[in-house]
Amino acid sequence: MNAPVKTLEERKTELQGMGDSRLRKEDARFIQGKGQYCDDIKLPGMLHMDIVRSPVAHGRIKKINKEPAMAIPGVHAVLTADDLKPLNLHWMPTLAGDVAAVLADEKVHFQMQEVAIVIADDRYIAADAVEAVEVEYEELPVVIDPYKALEPDAPVLREDLAGKTEGAHGPRDHHNHIFTWEAGDKSAADDAFAKAPVTVSQHMHYPRVHPCPLETCGCVASFDPVKGELTTWMTSQAPHVVRTVVSMLSGVPESKVRIISPDIGGGFGNKVGVYPGYVCAIVSSIVLGRPVKWSEDRIENISTTAFARDYHMDGHLAATEDGKILGLKVDVVADHGAFDACADPTKFPAGLFHICSGSYDIPTAHCSVKGVYTNKAPGGVAYRCSFRVTEAVYLIERMVDVLAQKLNMDKAEIRKKNFIRKEQFPYTSAFGFEYDSGDYHTALEKVLDAVDYKALRAEQEQKRNDPNCPTLMGIGLVTFTEVVGAGPSKICDILGVGMFDSCEIRIHPTGSAIARMGTITQGQGHQTTYAQIIASELGIPSEVIQVEEGDTSTAPYGLGTYGSRSTPVAGAAIAMAARKIHAKAKKIAAHLLEVAEADLDWEIDRFKVRGNEEQFKTMADIAWAAYNQPPEGLEPGLEAVHYYDPPNFTYPFGIYLCVVDIDKGTGESSIRRFYALDDCGTRINPMIIDGQIHGGLTEGFAVAMGQQMPFDEQGNLMGNTLMDYFLPTAVETPTWETDYTVTPSPHHPIGAKGVAESPHVGSIPTFNSAVVDAFAHLGVTHMDMPHTSYRVWKKLKEEGVQL
Amino acid sequence: MAKQIVKMNLNGQEIEQLVDSRTLLVHFLREQMNLTGAHIGCETSQCGVCTVDIDGESVKACTHLAVQCDGCEVKTVEGLAEGGVLHAVQEAFYEEHGLQCGYCTPGMLMTSYRLLQDNPNPTEDEIRIGLSGNLCRCTGYQNIVKAVKSAAVKLQQKESATA
Ligand code: FES
Ligand code: FES
């Protein structure tokens, strides 16, 4: 009996390809406690490493006494910079062209800096030994404020750079100056400002924050002295680049270094860098010939590994009286901490900050960013964003609000007036970015309709006029554009390696497949979504497609997952590799069906002979034939590799609106409504997109409403535990409403733009805009984050708001 | 370091182990018993990724000594599924996309499991408050709340089917 013939729709649905809200393949292990994270790895003979850290933020190391620690039974070694010197490993290169101390070399530059390591039988003994190491410091004057760091008589922080007037990014004009980077046309912008009838300026500080994934950083390094091979499991968002760095540092050939990123408990930029802990664990394993585990604790995580932001920005807009923007100028002082360890493409020390002209058609623009050393931990990573795009979006969205207030214009109106119009795409900004596609007006109208913006404004007006109203109501509106998917390797590289990404797909004889990628998931669901792209391209059910990432010995070289580059870059590599297979499959199908390739049509999962419905070969038939009877002249097998170098970035955008009610008595903010419309181009898995957006909005909420890393004058970080550092719980977190439009990227093989970071980037200025809007009728144009109840309460008092 | 014998019922099995008196329960589970489902995310009892169930209460295993569990019944995420059948909370987290990186998931599941034992039909507010000792950096909680609601329905259906 013949099986019932499936309809086209049924065949398509069975594939669970692009557009399907397919449940996640990775979940089965996680819900049963069977994930394998770094700290879950246990090797025979494994030792534990722990780190002795500096209590002072700036000081000279006078003496280190290891003896009391060495005397503890179960302690194998205590190593300091002096022990690493003969190996030339006491300093290491950073991603930003600077060097960073692996273990403090004579001097400490920030509180909690790594001073020595101990290796012991277990983590408890290691912790005891850390306490037992005696270090004497001579304290030096501390510089926390980057403006003060640039004063002529400011203490010299980096003595190792004495006399170096040329940094990795141009001249240094002060001992604490790292670089000054500029983009745009200064004279054109100055000219526009000189002639403009209206100008506005605003100073703002984007506070130092930390990505704080729930899993901290760590690794297990295992050096096999017999084979000379080094295997390291590591919480890394970029294992291939790490392998290159490790090989360069250790001298072990890259072919003998294997970096494995196992399951990762969230990254958000925190796991891009190469930290002293990793390097020390690797060195220890090589020296001791035994596996060594290092697991950072939360205090160490927040205090030392990869902060984000800390931008002090002065924004200026020039405009006509009716609100058409004529020019933008931005000056930034960027606090990079003690070492310049920003994770940015080499040529961009301020990342892609020059996307700061936003969604607007601004004819002239200039920005300058000055990087400065201070006595704080190094970092400067992209916390759930593309390189410095969060800062850029915050700046422009704030400035547009400030201008609207000055001109007494509505926030939506001023945006409509200045948007890059649909027909202007591809659009080249004054900073030189070529925006691929967008339709901002349609998206904005959709949001304004959905929330009934007019009614909200009317309600606000009425509440402002009612002295008995217990709350201040604010409406925040943000219309952002991101630049993601770094990037074209002609302009973007990390340590000289172009920022392409890669995919290798192999179809097995029985029609199932394995795909390996140079990226690494940290919760984004690559194992699910990547398979969906292949399913749609090749007509193989997602269910039988295995996706593997993170093992440098099996996966093709890729630059990793950060900056929303997985879908824009690796996603494209998948489609291109699949298309190579598709082309070969067509040859095999033609051979099997004894027709010319030109006579074949592709339909979901098969090639059909045109005009003869009965004659077809499915991808499964073809896979079998590829290993069994390939046409003459064609090599057997069915696989392909593609290294995708994107022709351009992608430019996802979104329109976010937030309504906040602020208690006049307590300063508490309650987010009444948050409406997020995202346009990430082609949508691969709507369920996962929504999940990513919920998560990003929640992180944005945390940044805007509570996260900060304050330092006292001595350089003590005031609050480096989860007791102080704000991570919202289910109670504070608002309920999110999501929506979308679809404007595919014209240059991307499947039209996708990337999404996971938009909600973080876009929501932060939205919350800010809402809180400031609640005070706008009092003449307030800006308030720095975070909007904790206490800070908002102080503002209420300052403005004389009565209950 | 002084070692002590600890007897407990761990996921339905009676066990007897020699432990250092200062060993935290989470390290005992993860390193001595090789149950790595309970994770570690802080050292201040804030994040809840280490949550397990002890004698019918949710407990943060990072601030509990293994020796305190002597004579107790301890359940971890590995003991949630029975006879190869997933528990309703596990099913629901999967179906409602209640997890992303999965790091908070074992703790979330254990807290949700206990929450639904204590309150089989919670409101959204009760769920949010009930989960407030468990942080998640990935999901924004919305789908987790949905998952707990869905698990409540599943459990009630099971209950009425067996009644
Ligand atoms: S590890 Fe954070 S509460 Fe236990
Ligand atoms: S799923 Fe990543 S922390 Fe919750």
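Student: Which residues form one aromatic cluster in this model?

Tutor: Phe480(A), Tyr656(A), Phe674(A), Phe701(A), Phe726(A), Trp736(A) and Phe767(A) form one aromatic cluster. The model is predicted, so local features need pLDDT of at least 70 and side-chain atom pairs pLDDT 80 or more, while totals for chains, interfaces and linings use all residues. Residues are numbered from 1 along each chain, chains are lettered from A and ligands numbered from 1 as written, and side-chain values use heavy atoms, without hydrogens and water.

Student: How many aromatic pairs are there over all chains, and what makes two rings a pair?

Tutor: Rings of Phe, Tyr and Trp (its six-membered ring) pair if their centres lie within 6.5 Å, and planes under 30 degrees apart count as stacked, over 60 as edge-to-face and the rest as tilted. By this rule the count is 29 aromatic pairs over all chains.

Student: Why is the pair of Phe387(A) and Tyr562(A) called edge-to-face?

Tutor: The ring centres of Phe387(A) and Tyr562(A) are 6.1 Å apart and the planes stand at 65°, so the pair is edge-to-face. This pair links distant parts of the chain, 175 residues apart.

Student: Is Phe387(A) buried or exposed, and what of Tyr562(A)?

Tutor: Buried means under 20% relative accessible area, exposed over 50% and partly exposed in between (1.4 Å probe, protein chains only). Phe387(A), at 3%, therefore counts as buried, and Tyr562(A), at 6%, is buried as well.

Student: What makes Tyr790(A) exposed and Trp793(A) partly exposed?

Tutor: Tyr790(A) has a relative accessible area of 51%, and is therefore exposed, whereas Trp793(A), at 33%, is partly exposed.

Definitions and conventions:
Helices (H or I, at least four residues) and strands (E, at least two) are DSSP runs, numbered from the N terminus.
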